[in-house]
Amino acid sequence: IKHSSHTKVHTFVVIIFAFRQLLNQSKNTKHFIMSHVSSASYPLSKPLATLIKATVDCHQHQGNVQIPGQNAKIGLEEREDYYGTLSHLEDKEDNDKERDVQQGQTPKNNISLSSSLHLDLESKTDALQHFVRNCFVAIDNLLFATPWAQRQRSSFQHRQLIRVTTDETARTLTITDLGIGMTRSDLINSLGIGSRLSLRAVQAARDIDQYYKRKNTLVTTSDTDGNDDDGGVGVGDVDVDRLEVSDWNNNEKHDNVDKDDDSISHESTRTSSSTSSSSSSSSWTSRGETNLEEVKDDDNQNYQSIPVPCQAKDIGSFFAAFCAIGTHVEIGTKSKFDDYYVFRLPADSSTNDYSCFSITRPMEEGVKPSINNGFDSLGDVRGESGTRVTITLNEAAVEEGFLQQDKVLKPMFEKFLEASPYSVVLDKCCTEEQRKEIIHATQLEIDDIEQERREKEEDESSDGDRLEDNDFQDRQPNRNHMSDESHNSVKERAKYIPLRLSMGERKMLRLVEAAMACCDYTTEIDKPFKSSTRRMHTQMKHITAVLRGMVTACDYSAGQKMLSEENYSDFEQFYRQVFEIARRHKIMNPEKMRTEYGKLVYLLQDAVSPSIMPHLSFSCKGDIKTVYNFLEARGGLSLLEDPLIEIATREVLADKKTRAQIALEIRRKERAVAHLKQHYQKRQLSSEDIHLCLYSICDNDSFLNSNRVPIDKIIKYLHQFFSPEKLEDGYSLSIVDGQDGSRLSHSHERQFYFALQSLTLWRDIIDDMFRLWAMVEADLLSESVSYVLQDTGQGFQRVQQSPLTYRAMQRILLRVQAKVSNWVGSNVIHLGDHNVPSALTFIDKYTQVPRILAPIVNCLENLERLCEEDDGISKLIENGFGGVEQLKKDILYDFFKSAFDGSGADNFYDAGSCIDGRLTSAWNWCSQLQDKPFFCIFKLTGFIGFDGEFV
C-alpha cells in the first residue's frame with residue numbers, strides 16, 4: 001500500500017501530541033520516556049538555536065575581525081570591495097520596493113545586505129553568578145528533602161561544597177554540586193525546551209534567520225559571478241565586517257581600541273544604548289515587522305543593526321549565561337530517582353549546529369557514578385545525586401581570566417558565597433590531600449547510610465533473635481481458609497499473575513499511554529467505508545503513524561530514518577516489548593487505562609490481522625511476562641510450593657485490628673520474605689528477582705482483596721437482614737413480571753437464592769480475573785478468528801467469537817453451580833453477539849462489579865459515624881427512616897429486589913436471568929439511584945458516582 005503525503009502529516013501530528021502528553025505527565029513524575037535508549041538527539045527550539053548560533057558566531061570572529069571603530073579604514077575598504085561585486089542585488093531590491101510603492105503595496109520588511117548583529121549580553125560576572133545560583137537551588141532542594149538527622153552527620157557536609165575545575169588546554173570551566181540533581185525529564189523540560197522567549201527575542205531570531213538567508217543568496221550570486229571562494233560568506237555565517245559586540249547594560253570597553261578611533265567607538269556605544277532603550281520600550285514592533293536601527297559608520301554609510309537579545313529576561317538565565325561566556329556546554333547529572341545522564345549542546349561538539357541537543361546515558365540502568373566506574377576526578381558527580389556543568393569558554397571569557405583560578409575565579413566565588421552557608425573549592429587552590437578527601441567523601445557517606453540501615457535492622461530483630469515457631473504458627477496454610485479466600489493455589493495463580501513493572505518499564509508505559517491518549521484510532525476505523533480496501537488503507541495509515549510516532553518520541557534520529565525508509569520490522573523487539581508492558585499493566589490494574597487500552601487492543605487486533613501484518617512484515621504481539629514463566633526460566637518454581645509464601649504475599653489489612661496486631665503481621669511478613677529470599681537465592685535467581693516475584697503475587701492478593709471484599713460484605717448483609725425461610729411484613733423480595741419494571745417472576749425464597757447465586761458468580765469471576773484477561777487477549781489477538789464490524793444497536797461494534805473466554809466462563813459457571821444447591825435462572829452466556837460483541841466488552845463489564853457494590857457498602861458502613869459526628873443527621877435518619885438499622889434494611893431491600901429483576905435491556909427478549917442480564921439489571925438500578933428516597937444519605941456519605949474516573 002502506497003501512502004500519500006497526508007500519511008506523513010498524520011504521523012507528525014501523532015508525534016507532536018504524544019510528546020506533548022509525555023511532557024505534561026513528566027511535571028508530576030520523576031521519570032521520562034524510555035530507559036533503555038542509551039543516546040538520543042532532540043531538536044532545540046528554532047528561535048533559541050538561532051540566537052545562540054548568532055552569538056557564538058560573533059564571539060568566534062571577534063578575535064580576528066575588525067569591529068566597527070577599530071581600524072575602520074580597513075573595514076571600509078573590505079566592505080566596498082565586498083558589496084561592490086553585489087551592487088546589482090541592492091539595485092534589484094530598490095527597484096522592487098519602488099515598484100511596490102507605485103502599485104500601492106507596502107514594501108516588504110527585508111533585511112538589508114548591509115546589516116550587522118548587535119549582541120545584548122549579560123556581563124560575564126553575572127553569567128557566572130547564574131551558574132552558581134543554580135548550584136544554590138540544587139543544594140537547597142536536597143537539604144529540604146533530607147531528614148534532619150541525616151543532615152547533621154559529618155559525612156553529609158561535603159554536599160554543601162561547590163567544586164570548580166578548569167582545563168586550559170580544552171578551555172573549559174566546570175562547576176559541580178552534589179545537590180538534588182536532574183532527571184531526564186528535567187533536562188528536556190528545563191534545558192531542551194528552555195524558558196519562554198520574550199517577544200523581542202522571537203522577533204530578533206526571525207530577523208537573524210532572514211539575515212542568514214540573504215547572506216546565503218549573497219554567496220550564491222558571488223559564486224555565479226566568478227568571485228574567489230575566500231571572499232564569500234557561508235550559509236549561517238556572519239558578516240564579519242558588520243560585527244558589533246557590546247554589553248548594553250554594563251558598557252564594557254575594549255582595551256585594544258586605538259586612540260584615533262575612540263570617537264567612533266563612543267558613537268557606536270551611544271547608538272547601541274539608544275537601541276537598547278528603544279527595545280525596552282514600546283518601540284519593539286509587532287510580529288511580522290523587523291527590529292532594526294540605522295547606524296552610521298565613519299564613512300557616513302548607513303547600515304542596519306540587528307539586535308540579538310541574549311539576557312535572562314529574554315532567553316532564561318541558563319542560556320543567557322551560556323551565550324555570554326561559552327560556545328559549548330556539557331551537563332552530567334544524576335537524580336536520586338533516575339539514572340546518570342549527559343546533556344550536550346550542540347549535539348555534535350565538532351560542529352556549531354545548535355539546532356539539536358543530545359542526551360546520553362553512559363552507564364547501564366540503575367548504575368550510580370562512583371570512583372570504581374571512572375568518576376574519580378574532583379569535578380565528577382558521584383553517589384545518588386549531583387550536577388556537573390562544563391562550559392567551553394569563548395575567547396572573550398578566556399581573556400577575562402575565567403581560566404585563572406587564583407587571580408579571577410577565587411575572588412569571584414568568594415564574593416558570590418559570602419552570604420551563603422555553602423563553600424567552594426577550586427582544584428588548583430587546594431592540596432592533593434584535600435582533593436582526595438573530597439573525592440572519597442561520597443563513599444564515606446554511602447558507608448555511613450549502609451551502617452545505619454544495618455543497625456536499624458538489628459534493632460528491629462532484637463525482639464526475636466530467630467524465627468520463632470509461634471511467629472509461623474500458620475506456616476502450614478489452612479486449606480479451609482484458602483478455599484474461602486480463593487479456590488486456586490499460589491502456584492496456579494502465578495501462571496497468570498503479571499510481573500510487576502520495573503522503573504524503566506514504567507517510563508515506556510507512559511509513552512504508550514500518551515500515544516493512545518492523542519490517538520483517534522477507533523473513531524477513524526470503526527465506521528462504515530465504501531470498500532474494504534479503503535478501510536484497510538486507513539488502518540495501515542493510522543497504525544504506521546502510531547508506530548512512527550512512538551519511535552520518534554524516543555529517538556528523533558531513528559524516527560527520521562523510519563519515516564524515510566519505513567523499516568518497521570527493524571523495531572519489532574521494541575514494539576513487542578512496549579506493547580507487552582502496557583498490556584501487562586492493564587491486567588494488573590483492570591480499573592485503569594479503560595479508554596487507552598480499548599484503542600490499543602483494537603490497534604493490535606488489526607495489526608496482527610492477515611490483511612495488515614504482511615505489510616508491516618512483523619507481529620506486534622508478544623507473550624505476557626508472568627511470575628510463573630519468570631521463575632520457570634530460572635529454575636525457581638519450588639518457591640511457589642513453600643508454605644511460607646502464603647504469609648510472605650498476604651496483604652496486611654487493618655480490619656479494626658490493634659496497632660500491636662498489625663505490627664506483628666507486618667513483622668511476620670517481612671521475616672517470611674527474608675527467609676524465602678535467603679533460602680531460594682542462587683546464581684540464576686537473585687534476591688532481587690525473588691523480591692520482585694513475591695511482591696507481584698502480593699499485588700494480585702491486594703487486587704483480590706479490594707475487589708472481592710465488597711462482594712463478600714454484600715453477601716454477608718444478605719444473610720444478616722434476610723432469610724429464605726422467614727418472610728417479614730413489608731420486606732418480601734418477591735417480584736412479579738411487569739410490576740415496577742421487573743421482567744422476572746420470583747417468590748421471596750427464589751429471589752433470595754437468585755441474588756445470592758449472582759453475587760457468588762461475580763465473586764468467582766473476580767477471583768479468576770487474571771486468567772480471564774489472558775483468555776480475552778488470546779481471543780482478541782487471535783490471527784485465526786477475525787471479527788465483523790456490525791451495527792448492534794449501540795453503534796458499530798466489533799463482533800467476534802471468543803472460544804477461549806467462553807470455555808473459561810463455562811468452567812467458572814459449573815464451579816458456582818456445584819457450590820449452590822439449586823440454580824435459579826438461565827445459564828446462557830452471551831458472548832460474540834449483539835448483546836456482548838466481543839471478549840473485551842465481556843471482561844470490561846465484570847470489572848465494574850466493585851464499582852457498583854463498593855459505594856453501597858461504603859454508605860452502609862458510614863451511617864453510624866455520620867450519626868455520631870452530626871446530631872442533625874442523626875435526627876434526620878431517626879425521624880425520616882426509623883433509625884440506622886431500619887435505613888440499612890430499606891437500602892438493601894430495594895437493592896436485592898430491584899437490582900436482580902431482569903430489567904435494563906433495550907427490549908424484552910434481551911432481558912431476563914441470563915448470566916449477562918444479571919449484571920445489566922444491577923447497572924439499571926444504579927442509574928435510578930437519584931430517584932430513590934435514600935439518595936440524600938448516599939450523598940452525605942461521600943457518594944460521587946458508580947463509574948468513578950476513567951483512568
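In what order do the strands of the open sheet of eight strands follow one another? The legends below begin with that sheet and go on to salt bridges and helix packing, all in a predicted model.

**View 1. An open sheet of eight strands with mixed pairing.** The order is β1-β10-β9-β8-β11-β4-β3-β12. At the edges stand β1 (39-43) and β12, each with a single partner strand, so one side of each is left without a neighbour in the sheet. On average, and with direction ignored, neighbouring strands are turned by 15° against each other. Strands of a sheet can pair in a parallel or an antiparallel way, through backbone hydrogen bonds. The next two views show examples of each from this sheet.

**View 2. Strand β3 (residues 161-167) and its partners β12 and β4.** Let's look at β3 itself to start with: six of its seven residues are buried, which leaves the strand mostly covered. Towards β12 (residues 423-426), β3 runs parallel and is joined by four bridges. Here L161 stands opposite S423 of β12. Towards β4 (residues 172-177), the pairing is antiparallel and spans five bridges. R163 has T176 of β4 as its bridge partner. The hairpin of β3 and β4 has four residues between the strands, and in this hairpin R171 adopts a positive phi near 55°.

**View 3. A salt bridge between K368 and E384.** The whole structure holds 38 salt bridges, and this is one of them. The closest N and O atoms of K368 and E384 are 3.7 Å apart. Both residues lie in the loop between β10 (356-360) and β11 (386-393), so the pair ties together parts that are 16 residues apart in sequence. How accessible are the two partners? K368 is partly exposed, with a relative accessible area of 40%. E384 also counts as partly exposed, at 32% relative accessibility.

**View 4. A salt bridge between E580 and R584 in helix α22.** In this pair the closest N and O atoms are 2.8 Å apart. E580 and R584 are four residues apart in α22 (residues 572-588), which means that about one helical turn separates them.

**View 5. A salt bridge between D764 and K819.** The closest N and O atoms of this pair come to 3.1 Å of each other. Distant parts of the chain are linked here, as D764 lies in helix α29 (residues 748-767) and K819 in helix α31 (residues 803-819), 55 residues apart. D764 is buried, with a relative accessible area of 2%, whereas K819 counts as partly exposed at 47%. The pair also belongs to one network of salt bridges with shared partners, made up of E492, K495, D764, D768, R771, R815 and K819.

**View 6. Helices α29 and α31 packed against each other.** Two packed helices are described by the angle between their axes and the distance between the axes. For α29 and α31 the angle is about 135°, with the axes 10 Å apart. The two helices are therefore oblique to each other, and α29 passes α31 in a right-handed crossing. On the α29 side, the contact is made by Q757, T760, L761, D764 and I765. On the α31 side, M809, I812, L813, R815, V816 and K819 take part.

View 7. L759 is buried, with a relative accessible area of 0%. Between L759 and I714, which are 45 residues apart along the chain, the C-alpha atoms are separated by 8.1 Å.

Definitions and conventions. Residues are numbered from 1 along each chain as its sequence is written. This is a predicted model: local features need pLDDT of at least 70, side-chain atom pairs count only at pLDDT 80 or more; totals for chains, interfaces and linings use all residues. Side-chain values use heavy atoms; hydrogens and water are left out. Buried means under 20% relative accessible area, exposed over 50%, partly exposed in between (1.4 Å probe, protein chains only). Two strands pair if DSSP finds at least two bridges between them. A salt bridge is a side-chain nitrogen of Lys or Arg within 4 Å of a carboxyl oxygen of Asp or Glu. Axes are lines fitted to C-alpha atoms, for helices over the stretch in contact, and angles run from 0 to 180 degrees between N-to-C directions. Angles under 35 degrees count as roughly parallel, over 145 as roughly antiparallel, 65 to 115 as roughly perpendicular and the rest as oblique. A crossing is left-handed if the near helix is turned anticlockwise from the far one by less than a right angle, and right-handed if clockwise. Contact means heavy atoms within 4.5 Å.
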